[in-house]
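Hello,

Here is the structure I promised to pass on to you. Please have a look at it first, and then read on for what turned up in it.

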Amino acid sequence: MGLDVYVGSLTRYHLGDWLTIVQQMGAHNGMTVRIMRDTPQEPPAPGVVLDAVSAWRASLAEGLECPVDWAERPDLPYWTDKPDWDGFGAVVLAAAYEVEPDLRPWTANEIGWSQQEPDDPRQWAAAPAVVAAATHPEPYVTLLSGVEWWLPLPGGWVIEAPRPLGAPVRMAAVEQLVAELELLAGRLGLTGQAHWQEVGRAGPPEAGAPVEDVARFGLSVLLPLAYQAHEARQPLLLDY
């Protein structure tokens with residue numbers, strides 16, 4: 001299953017009232033694209049979702065000791081795109097290489113460069129650099145801590161908590177994600193909006209491309225969505 005990113009209200013998300021970018025492209029071309037999920041379920045009734053999201057927000061506000069006051073309605077706009085596992089995984093790997101440079105697949109030593117087996121972005125969680133960096137993930141705390149939901153709240157925390165409807169997930173703040181993506185983009189030579197837009201228009205690199213090239217593409221997808229989530233004060237979720 002591929003990886004999409006959703007920005008919008010949790011109410012709309014849990015109702016299933018949104019289309020992935022592939023579904024949108026299919027509809028534009030007169031085709032119906034169905035997303036096959038590991039555990040397909042019928043969307044719950046709107047009243048059930050509204051009650052669950054409201055109760056969850058109240059519990060989150062109590063636990064974090066801060067207002068949880070972003071807009072939550074089923075008719076709010078949403079935004080989505082697809083970095084897929086390659087793009088997202090390469091971003092995580094690139095962040096891990098910044099934290100643990102000695103665990104890059106290509107490393108410099110006193111006699112030159114030594115080659116190791118390259119890490120597969122789709123298997124990023126098992127990469128030695130990611131495993132090591134997870135023990136001291138600064139300055140990429142949310143990217144290297146397995147966060148999948150970023151919420152429009154003041155930053156400085158990572159928690160694992162139940163979703164309004166579903167299993168627990170690791171969460172952090174949107175503003176933290178924005179800061180981490182901007183820092184990594186600068187480290188990878190993405191010099192501004194025009195540059196990462198150009199990278200995005202070029203599409204994903206070919207299979208076997210260097211992790212840094214794939215990470216630049218992943219950033220070209222994630223950055224505008226993170227900015228949109230921050231500006232609209234809406235959650236950003238990984239969907240798969």
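Arg104 has a relative accessible area of 24%, so it counts as partly exposed. Please keep in mind that this is a predicted model.

The side chain of Arg104 meets that of Glu212 in a salt bridge, with 3.2 Å from N to O. Arg104 sits in the loop between H4 and strand S3 (106-109), while Glu212 belongs to helix H8, so this pair ties together parts that lie 108 residues apart in sequence. Glu212 is partly exposed as well, at a relative accessible area of 23%.

Which residues does the network around this pair join? Salt bridges with shared partners bring Glu98, Arg104, Arg187 and Glu212 into one network. Within that group, Glu98 forms a salt bridge with Arg187, and their closest N and O atoms are 2.9 Å apart. This pair also links distant parts of the chain, with Glu98 in helix H4 and Arg187 in helix H6, 89 residues apart. Glu98 has a relative accessible area of 26%, which makes it partly exposed, and Arg187 is partly exposed at 47%.

There are 11 salt bridges in the structure. Another of them is between the side chains of Arg73 and Asp75, at 2.9 Å from N to O. Is Asp75 buried or exposed? Asp75 counts as exposed because its relative accessibility is 53%, and the cut-off for exposed is over 50%. Arg73, at 41%, counts as partly exposed.

Now to the inside of the protein. The largest nonpolar core has 48 residues, and Trp150, Leu181, Leu219 and Leu236 have the most contacts inside it. Several elements give two or more residues to this core, including strand S1 (4-7), helix H4 (84-99), helix H6 (174-187), helix H8 (211-232) and strand S8 (236-239). A second, separate core holds 21 residues, among them Trp18, Val53, Trp149 and Leu153.

Apart from neighbours within four places in sequence, Leu236 is in contact with Val5, Tyr6, Val7, Glu148, Trp149, Trp150, Leu177, Leu225, Ala226 and Ala229.

Helix H6 is worth a look too. H6 has 14 residues and spans 20 Å from its first C-alpha to its last, close to the 20 Å expected at 1.5 Å a residue. Its buried residues are Val174, Gln176, Leu177, Val178, Glu180, Leu181, Leu184 and Ala185. These buried residues of H6 pack against H4, strand S5 (149-151), strand S7 (168-173), H8 and S8. Just after H6, Gly189 takes a positive phi of about 85°.

Finally, the overall picture. The protein has 8 helices and 8 strands. Its radius of gyration is 19 Å, close to the 18 Å that the globule rule gives for 240 residues, so the protein is as compact as a globular protein of that length. Along the principal axes, the C-alpha atoms fill a box of roughly 65 × 50 × 35 Å. Of the 240 residues, 44% are buried. Among contacts with a separation of 6 or more, 72% come from residues 24 or more positions apart. The accessible surface is about 12,300 Å², and 53% of that belongs to carbon and sulfur atoms.

Enjoy exploring it!

Best wishes

Technical notes:
Residues numbered from 1 in each chain as written. Predicted model: local features only at pLDDT ≥ 70, side-chain atom pairs only at ≥ 80, totals over all residues. Heavy atoms only, no water. Core = buried A, V, L, I, M, F, W, Y, C linked by side-chain atoms within 4.5 Å. Buried < 20%, exposed > 50% of the residue type's maximum accessible area, 1.4 Å probe, protein only. Helix = DSSP H or I, 4+ residues; strand = E, 2+ residues; numbered from the N terminus. Contact = heavy atoms within 4.5 Å. Expected span 1.5 Å × (residues − 1). Rg over C-alpha atoms; globule rule 2.2 N^0.38 Å. Areas by Shrake-Rupley, 256 points an atom, 1.4 Å probe, with all protein chains shown as cover. Salt bridge = Lys/Arg side-chain N within 4 Å of Asp/Glu carboxyl O.
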